[in-house]
Amino acid sequence: MMSGEEAPTLQSEQEKQPDEEPPPAASEAPQQSGSSSPAAAEEQPLSVRALVLTGYGGYDKVKLQVKTQKQQLAAGEVLVRVKACGLNFAELMGKQGLYELLPPPPVTLGMEGSGVIEAVGEDVKDRKVGDRVIMLIRSGMYQEVVVVAAGNTFPMPEQMSFEEGAALPVNYLTAYLMLFESANLKPGKSVLVHMAAGGVGVAVTQLCQTVPDVTVFGTASASKHEIISQGGVTHPIDYRTKDYVEEVRKISPKGVDIVLDPLGGSDTQKGFSLLKPLGMLIVFGAANCVTGQKKNLLAMAKTWYNQLSLSMLKLMQTNKGVCGFHLGYIPDEQLIVRTMGKLLELYSQGKIKPRIDSCYHFEEATDAMKRMHERQNIGKVILLPEAKKEEEVPKSNPEPVENVEKTEAASTRRRKRPQRKLKLRNE
């Protein structure tokens with residue numbers, strides 16, 4: 001999953017490898033078409049701060065480092081000054097080595113963000129310097145400046161803040177595609193969503209309200225019930241003190257039409273049991289595997305042991321459907337583009353609006369991850385690349401900023417081959 005919270009069509013960050021040829025000098029490089037940025041013309045590498053996963057394990061493995069960022073743009077690329085980044089459950093899983101789409105450490109984390117274009121490469125016709133854009137890539141967003149394919153950027157509505165822009169792509173794409181592409185949500189249906197106060201949960205709730213007479217059951221701790229009820233959850237359920245299966249049955253004895261499951265294990269079995277005939281269970285995560293800072297083999301084994309196992313005959317006899325969803329494996333890039341267009345239109349109409357739980361500077365990344373890991377957030381947790389002002393720095397010494405070059409070079413030698421760029425299918 002990507003959200004719970006992160007597509008193969010998305011482009012990963014490019015990192016300089018020791019055995020690659022250095023970029024040409026400014027006098028030898030071709031002039032970048034459409035760029036008015038002197039920095040882009042000079043093509044001198046930038047030193048940028050980045051949040052780098054240096055190895056699998058606890059919060060200490062995510063370090064604020066200084067790395068070299070290229071400015072020379074290939075055709076179809078843009079250089080963006082990042083203003084805000086979205087934190088997803090995928091980053092927590094990736095930190096433990098449980099997110100298969102994340103390249104091996106050391107790697108800069110981050111799949112979504114927003115910012116301002118500072119330079120454009122050749123063949124970029126629909127983006128220009130100064131444009132405010134939302135970005136969606138495979139990894140590499142958690143840094144001050146990023147180079148991405150122009151096709152992986154989306155113009156921001158005028159009234160949208162950078163924080164909202166960074167909160168939109170992963171959560172709302174996941175929610176929209178599950179509800180309307182996989183589950184075919186219609187008027188009068190009922191939906192059960194777990195982690196209803198999280199980024200995907202908030203997005204699901206808001207999108208359900210765009211369809212008449214949809215009933216939303218949402219699990220969340222009791223302290224969050226008032227807020228998620230105000231946000232549109234019809235029946236909030238405290239999963240910590242009550243059996244949510246029993247609570248749903250009390251209100252709707254026949255069950256629900258759609259179950260959205262980011263948990264896995266025994267909760268997937270419970271979700272299937274709650275489906276009405278012709279209902280759909282969508283599994284989009286395995287949050288039950290992530291119980292501590294580091295990989296928990298016991299939790300993983302328990303989740304695997306309790307996973308849902310069905311025969312085709314059982315599906316036929318119950319008239320129920322089960323499907324999986326993972327934004328990272330969506331192969332249709334045009335589907336992503338069309339859906340982002342729909343979401344931005346819904347935002348402009350005032351029908352959806354990302355809820356920002358909190359904002360943390362890069363120096364406070366550990367606090368941000370703890371907040372999400374301990375399920376304290378209601379809405380999206382945002383990371384800010386801008387350096388924290390001196391008067392804001394906490395009394396305790398923050399994690400020192402390191403130089404990433406030596407660490408990444410050593411890892412490259414271990415891998416024996418350079419990391420390859422993931423390209424758009426139509427490039």
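## Briefing: buried rings, a parallel sheet and an enclosed strand

Start with Tyr-142: this residue is buried, at a relative accessible area of 0%. Keep in mind as you look around that this is a predicted model. Across the protein chain the pLDDT averages 82, and 76% of the residues score at least 70.

**Aromatic pairs**

- How many aromatic pairs does the structure hold? There are 2 of them.
- One is Tyr-142 with Phe-362: the ring centres sit 6.5 Å apart and the planes meet at 55 degrees, so this pair is tilted.
- Tyr-142 belongs to the loop between strand E6 (132-136) and strand E7 (145-149), while Phe-362 belongs to the loop between strand E15 (356-361) and helix H12 (365-373), so the pair ties together parts that are 220 residues apart in sequence.
- Like Tyr-142, which is buried, Phe-362 is buried, with a relative accessible area of 1%.
- Tyr-176 and Phe-180 also make a tilted pair, at 4.7 Å from centre to centre and 50 degrees between the planes.
- Those two residues both come from helix H4 (residues 169-182); they are 4 residues apart there, so about one helical turn separates Tyr-176 from Phe-180.
- Buried or partly exposed? Tyr-176 counts as buried at 13% relative accessibility, because the cut-off for buried is under 20%. Phe-180 has 22% and counts as partly exposed.

**Helix H4 and what follows**

- H4 is largely enclosed by the rest of the structure, because 11 of its 14 residues are buried.
- Among the buried residues of H4 are Pro-169, Val-170, Tyr-172, Leu-173 and Leu-177. Asn-171 and Thr-174 are on that list too.
- After H4 comes Asn-184, which has a positive phi, near 55 degrees.

- You'll find Glu-112 in strand E5 (residues 112-120). It is buried, with a relative accessible area of 0%.
- What does the side chain of Glu-112 reach? It gets to the backbone nitrogen of Val-170, at 2.9 Å. Val-170 is itself one of the buried residues of H4.
- Leaving aside residues up to four places away in sequence, Glu-112 touches a list of residues including Cys-85, Gly-86, Asn-88, Met-135, Leu-136 and Met-141. Ala-166, Ala-167, Leu-168, Pro-169 and Lys-380 are also among the residues touched by Glu-112.

**Strand E3 and its partners**

- Strand E3 (residues 77-86) is largely enclosed by the rest of the structure, since 8 of its 10 residues are buried.
- E3 and E5 run antiparallel, joined by 7 bridges. Here Cys-85 stands opposite Gly-113 in E5.
- E3 and E7 run antiparallel as well, with 5 bridges joining them. Glu-77 has Ala-149 as its bridge partner in E7.
- Strand E16 (residues 380-384) is joined to E3 by 2 bridges, again antiparallel. Cys-85 stands opposite Leu-383 in E16.

**The parallel sheet**

- An open sheet is built from 6 strands, ordered E11-E10-E9-E12-E13-E14, with parallel pairing.
- Which strands stand at the edges? They are strand E11 (235-237) and strand E14 (321-324); each has a single partner strand, so one side of each is left without a neighbour in the sheet.
- From one strand to the next, the twist averages 15 degrees.
- Strand E12 (residues 256-261) pairs with strand E13 (residues 275-283) in the parallel sense over 5 bridges. Within that pairing, Val-259 has Leu-281 in E13 as its bridge partner.
- Helix H5 (residues 199-208) lies across strand E9 (190-193), strand E10 (215-219) and E12, and runs at about 170 degrees to E9.
- Helix H7 (residues 244-251) lies across E9, E10, E11 and E12, at about 155 degrees to E11.

- Recall that the chain averages a pLDDT of 82. Residues 393-400 have a pLDDT below 50, and this stretch has 5 contacts in the model beyond near neighbours in sequence.
- Residues 404-427 are also below 50, with 48 contacts beyond near neighbours in sequence.
- Where pLDDT is low, the predicted coordinates should not be read in detail.

Notes. Residues numbered from 1 in each chain as written. Predicted model: local features only at pLDDT ≥ 70, side-chain atom pairs only at ≥ 80, totals over all residues. Heavy atoms only, no water. Pairing = 2+ DSSP bridges. Axes fitted to C-alpha atoms, helices over the stretch in contact; angles between N-to-C directions. Contact = heavy atoms within 4.5 Å. pLDDT = per-residue confidence, 0-100. Buried < 20%, exposed > 50% of the residue type's maximum accessible area, 1.4 Å probe, protein only. Polar contact = N/O pair within 3.5 Å; in protein donor to acceptor, adjacent residues only side chain to side chain. Phe/Tyr/Trp six-rings, centres within 6.5 Å; stacked < 30°, edge-to-face > 60°.
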